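I opened the notebook on this model today. The entries below follow the order in which I looked things up.

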Amino acid sequence: LCDPQKKSAYDRFGHAGVNAGAGADPFAGFGGFGFNDIFESFFGGATRTTHRGPQRGADLRYALNLTFEEAVFGCEKELEISRLESCPTCNGTGAEPGTQPAVCPNCGGSGELRRVQHSIFGQFVNVVTCDRCGGEGRVIAVPCRQCQGNGRTRSTKHIMVNIPAGVDNDSQIRLSGEGEAGPRGGPSGNLYVNISVQPHRYLKRRGNDLLMDLQLNFAQAALGDEVEIPTVDGEPVVVKVPSGTQTGKVLRVRDRGVPYLQRSGRGDMLIELKVVTPSHLTDEQRELFHQLAKSLGKEVVAQNEKGIFGKMKDAFGV
């Protein structure tokens, strides 16, 4: 116990630690299979990092606003994108033309640095990414004057994109390879176009169907009628309103809705009928309604549209 080293070994491993020689594996007594063997079986004696290859460029997103008709029938749009592109002077290498990247002197081109650590359990090798070359295994000796060794420059690009018929709010279109260029000649990212659609004056969308409200007067609702209505195609259609129509009845016009994205065909146009009560009547119209009420077996007591203030004006001649 006077020997501090043996005392420490005894505190950790008991008699096996004291009986073992200097530098011996205290787990060597386990059938000839020591701790170093266990670590080697699971970790190969070292922790490693993967050698970095060409990095992929960043993805970009573009917000595109469409009219209702453009979303329904599709269109072609030109997008103006600001992005990092491969430097035209050095072709993305980052090195001045006529020169070549040099092998990293720190890692010898491997992109990794090996650090050895010693402990009571043995020797450990920790492999980390080279901090000088960033894992690429090479360094730029003479940087390109245009991109300062980055390999990329920012520029504005005009891209044509086809918008398919039937897109809606929150639809997303992916343009592969139209994102930013990867560093050191790496592959480009993608461009994602996020769609938003302006509302229509009188049409609403529900899936691939178009909804429209159609107001009717009492005569149209009672007797029936033929009404010409506009459509998203620009060509009006005639719908037949059946006699005795009640508010809330829905008429369906086939194949006048929104085209399907994944298959052929279109949705329908749904017309909800609403019977509107007139708020102002002429004397002739009022008399006709009185006659109608009598014919229906109920004589109504008409209410004066002027109200109490109107009556006071008539009484006092104001």
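This is a predicted model: local features need pLDDT of at least 70, side-chain atom pairs count only at pLDDT 80 or more; totals for chains, interfaces and linings use all residues.

Entry 1, helix 6. I then looked at what comes after helix 6 and found Gly-297, with a positive phi near 85°. Leu-296 sits in the loop between helix 6 (283-295) and helix 7 (307-316). I noted Leu-296 as exposed because its relative accessibility is 66%, and the cut-off is over 50%. Leu-296 also belongs to a nonpolar surface patch with Phe-218, Phe-289 and Leu-292, and together the four have about 370 Å² of accessible area.

I counted seven helices and 16 strands in the protein chain. Of its 318 residues, 31% count as buried. The accessible surface comes to about 20,600 Å², and carbon and sulfur atoms hold 51% of that. For contacts between residues at least 6 apart in sequence, I noted that 62% join residues at least 24 apart.

Which residues touch the most other members of the largest nonpolar core? I listed Ile-163, Leu-191, Val-193, Ile-195, Ile-229 and Ile-271, out of 35 residues in that core. Another core of seven residues lies apart from it, and Cys-107, Val-128, Cys-130 and Cys-133 are among its members. I went back to Ile-271 and left aside its neighbours within four places in sequence. Its contacts then include Met-212, Leu-214, Ile-229 and Val-239. Lys-249, Val-250, Leu-251 and Val-253 are also in contact with Ile-271.

I have 12 salt bridges on the count. Arg-252 and Asp-268 meet in one of them, at 2.9 Å from N to O. Arg-252 lies in strand 15 (residues 250-253) and Asp-268 in the loop between strand 15 and strand 16 (269-275), so the pair ties together parts 16 residues apart in sequence. Are the two partners buried or exposed, or partly exposed? Arg-252 is partly exposed at 45% relative accessible area, whereas Asp-268 counts as buried at 9%.

I also looked up Glu-70 and Lys-77, whose side chains form a salt bridge at 3.0 Å, N to O. Glu-70 counts as partly exposed at 22% relative accessibility, and Lys-77 is partly exposed with a relative accessible area of 22%. Arg-83, Glu-85 and Glu-178 are linked in a network of salt bridges.

Arg-56 forms a salt bridge with Asp-59, with the closest N and O atoms 2.8 Å apart. Arg-56 is partly exposed at 44%, and Asp-59 is partly exposed at 36%. Arg-184 is 128 residues from Arg-56 in sequence, yet their C-alpha atoms are 9.7 Å apart. I placed Arg-184 in the loop between strand 9 (172-175) and strand 10 (191-197). Arg-184 is partly exposed, at 26% relative accessible area. Beyond four places in sequence, its contacts include Gly-92, Thr-93, Glu-136 and Asn-150.

Most residues other than glycine have a negative phi. I noted Asn-91, not a glycine, with a positive phi of about 60°. Asn-91 lies in the loop between strand 3 (75-86) and strand 4 (102-103) and counts as exposed at 61%. Gln-148 has a positive phi of about 55°. The loop of Gln-148 runs between strand 7 (138-139) and strand 8 (152-163), and Gln-148 counts as exposed at 58%.

Note on methods
Residues are numbered from 1 along each chain as its sequence is written. Side-chain values use heavy atoms; hydrogens and water are left out. Helices (H or I, at least four residues) and strands (E, at least two) are DSSP runs, numbered from the N terminus. Buried means under 20% relative accessible area, exposed over 50%, partly exposed in between (1.4 Å probe, protein chains only). Contact means heavy atoms within 4.5 Å. Patches are made of residues with over 30% relative accessible area and no salt bridge: like charges are joined within 9 Å, nonpolar side chains (Val, Leu, Ile, Met, Phe, Trp, Tyr) within 5 Å. Accessible areas come from the Shrake-Rupley method with a 1.4 Å probe; for residues, only the protein chains shown count as cover. A nonpolar core is a set of buried Ala, Val, Leu, Ile, Met, Phe, Trp, Tyr and Cys residues joined through side-chain atoms within 4.5 Å.
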